[in-house]
Amino acid sequence: MIFALPETSPAEPLDPSLAGGRLTIDLGALVANWRDLGARAPGAECAAVVKADGYGLGIEPVVGALSGAGCRTFFVALPSEGARARAVAPHAAIYVLNGLFEGAAPFFAAHRLRPVLGSTDEIAEWSAFRSAQGGDLPAAIHVDTGMNRLGLSLAEAAELSGDAAALAASGAVLLVSHFACADAPEHPLNALQLARFAAVRELFPTLPASLANSAGIFLDKAAHHDLLRPGIALYGGSAVAGSSNPMRAVVTLEARIMLVRDVPAGDGVGYSAVWQAPRDSRIAIISVGYADGFLRAAGSQTGRAGAAAAVEGHLAPIVGRVSMDLIALDVTDLPADLAQRSAFAELFGPNVPIDRTAARAGTIGYEFLTSLGTRFRRVFIGP
Ligand SMILES: *Cc1c(COP(=O)(O)O)cnc(C)c1O
């Protein structure tokens with residue numbers, strides 16, 4: 001099944017022939033990645049982290065595809081994201097990682113969202129709301145094991161665990177912590193966090209536990225516990241820095257070639273002329289830029305390579321600065337008939353791993369995905 005998303009500006013749907021770029025999202029590959037990750041931790045349930053609009057791909061199609069495949073638990077960052085996930089997954093458990101926003105308990109209840117309670121203030125507010133409201137309002141308890149971001153301190157966790165009435169009042173049904181360094185398997189903080197989490201679990205022996213993000217799934221099975229929380233690996237990104245990536249590519253970004261021009265040796269290309277042609281060159285200009293979320297840092301200058309695109313599988317380096325709406329590619333070495341007006345160049349996808357592009361821009365695949373703009377034609381394939 002191939003279908004196009006309701007387009008970016010509802011007032012004026014985007015005619016496919018008028019879009020500069022095409023973003024193809026393979027929901028079949030997404031589902032395959034979810035199954036693959038789950039199979040790496042038999043015995044654990046595999047949830048899906050769909051915050052930031054499903055890592056930029058669109059929360060509704062992502063949640064729809066995964067819940068259709070049997071995923072029963074989702075994690076978002078914000079309550080508004082939770083409400084969007086709820087609309088497509090009426091029966092799923094939906095946790096809000098950033099915690100309980102002050103005064104938002106009624107919104108959480110209305111959409112049956114479960115706050116991941118990250119401080120004693122949040123626990124107090126949620127517990128008070130629960131006792132006033134009555135009914136089944138589950139939550140997770142987040143305990144910090146070394147990241148120093150969200151979560152109770154170990155001392156606060158110990159105090160809560162010693163107060164059975166307070167624990168019951170919180171509605172806790174899940175114990176959560178988060179790795180700071182799982183993308184670097186040898187980092188000593190991983191072992192320390194695992195040891196601390198083991199101690200925390202002993203304080204809450206009845207609660208199922210969740211620690212592993214994508215990279216945590218690739219640590220040993222001691223990191224798996226009861227519930228996996230992969231994000232980036234679902235979307236085909238590399239979870240573990242510097243290792244080969246076993247996930248299937250989910251996202252392909254292509255941009256339309258507007259024209260191909262001859263540039264004589266020595267001429268500059270683009271803003272500030274920071275790249276000068278080292279030889280007589282053929283340069284293709286494509287209709288995507290940083291306003292589409294293709295980060296400006298992926299550009300190049302003479303003496304410093306940037307990212308590359310691919311035309312029919314042939315790599316063509318980005319030359320010069322990424323502009324707001326346009327990028328220049330050096331297609332001099334490509335067969336002449338490939339780079340032509342109206343052909344599409346792949347900016348990332350099966351031929352151009354997003355993590356390689358991100359590395360060339362000094363960032364990570366996560367930032368490219370979550371920056372994806374609204375001017376593309378989005379095409380969803382499968383599952
Ligand atoms: C974002 C996030 C995840 C998912 O992390 P990935 O590295 O994308 O797999 C899991 N847990 C928490 C608390 C997060 O913030």
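Guide: One term is needed at the start: two strands pair if DSSP finds at least two bridges between them. The model shown here is predicted.

Visitor: Which residue in strand 9 stands opposite alanine 139?
Guide: Strand 8 covers residues 139–142 and is joined to strand 9 by 4 bridges, the two running parallel. Histidine 142 stands opposite valine 176 in strand 9. For alanine 139, the residue opposite in strand 9 is alanine 172.

Visitor: Which residue in strand 10 does valine 176 stand opposite?
Guide: Strand 9 also pairs with strand 10 (residues 209–210), in the parallel sense and over 2 bridges. In strand 10, valine 176 stands opposite serine 210.

Visitor: Through which helix does the chain cross from strand 9 to strand 10?
Guide: The crossover from strand 9 to strand 10 is of the β-α-β kind and right-handed. The helix on this path spans residues 188–203 and is helix 9.

Visitor: How many residues of strand 9 are buried?
Guide: Buried means under 20% relative accessible area. Strand 9, residues 172–176, is mostly covered. Of its 5 residues, the buried number is 4.

Visitor: Which are the edge strands of the open sheet of 7 strands?
Guide: The sheet has parallel pairing and the strand order 4-5-6-7-8-9-10. An edge strand here pairs on one side only. The edge strands are strand 4 and strand 10.

Visitor: What is the bridge partner of threonine 73 in strand 6?
Guide: Strand 5 pairs with strand 4 over 2 bridges, in the parallel sense, and alanine 48 has phenylalanine 74 in strand 5 as its bridge partner. Strand 5 also pairs with strand 6 (residues 93–96), again in the parallel sense, over 4 bridges. In strand 6, threonine 73 has as its bridge partner alanine 93.

Visitor: What covers the buried residues of helix 3?
Guide: Helix 3 spans residues 59–68, and its buried residues include Ile59, Pro61, Val62, Val63, Ala65 and Leu66. Just after this helix, glycine 70 takes a positive phi of about 115°. The cover of the buried residues includes helix 1, strand 4, helix 2, strand 5, helix 4 and strand 20.

Visitor: How many residues apart in sequence are the parts tied together by arginine 22 and glutamate 254?
Guide: Arginine 22 forms a salt bridge with glutamate 254, with the closest N and O atoms 3.0 Å apart. Arginine 22 lies in strand 2 and glutamate 254 in strand 12, so the pair ties together parts of the chain whose separation in residues is 232.

Visitor: Why is glutamate 254 buried, while arginine 22 is partly exposed?
Guide: Buried means under 20% relative accessible area, and partly exposed lies between that and the exposed class, which is over 50%. Arginine 22 is partly exposed because its relative accessible area is 26%. Glutamate 254 is buried because its relative accessible area is 15%.

Visitor: Where does arginine 248 lie, the partner of aspartate 26?
Guide: The side chains of aspartate 26 and arginine 248 meet in a salt bridge at 4.0 Å, N to O. This pair links distant parts of the chain, 222 residues apart, with aspartate 26 in strand 2. Arginine 248 lies in the loop between strand 11 and strand 12.

Visitor: What relative accessibility does arginine 40 have?
Guide: Arginine 40 forms a salt bridge with aspartate 36, the closest N and O atoms being 2.6 Å apart. Aspartate 36 is partly exposed, with a relative accessible area of 26%. Arginine 40 also counts as partly exposed, and its relative accessibility is 33%.

Visitor: How many salt bridges does a search of the whole structure find?
Guide: Side chains of opposite charge can pair when their charged atoms come close. Asp53, Glu60 and Arg84 are linked in a network of such bridges. The number of salt bridges found in the whole structure is 11.

Visitor: What accessible area do Met258, Leu259 and Leu326 have together?
Guide: Leucine 326 lies in the loop between strand 17 and strand 18 and is partly exposed, with a relative accessible area of 35%. With Met258 and Leu259, Leu326 forms a nonpolar patch on the surface. Their accessible area together is about 230 Å².

Note on methods:
Residues are numbered from 1 along each chain as its sequence is written. This is a predicted model: local features need pLDDT of at least 70, side-chain atom pairs count only at pLDDT 80 or more; totals for chains, interfaces and linings use all residues. Side-chain values use heavy atoms; hydrogens and water are left out. Buried means under 20% relative accessible area, exposed over 50%, partly exposed in between (1.4 Å probe, protein chains only). A crossover is right-handed if, with the strands pointing away from the viewer, the path from the first strand over the helix to the second runs clockwise. Patches are made of residues with over 30% relative accessible area and no salt bridge: like charges are joined within 9 Å, nonpolar side chains (Val, Leu, Ile, Met, Phe, Trp, Tyr) within 5 Å. Accessible areas come from the Shrake-Rupley method with a 1.4 Å probe; for residues, only the protein chains shown count as cover. Contact means heavy atoms within 4.5 Å.
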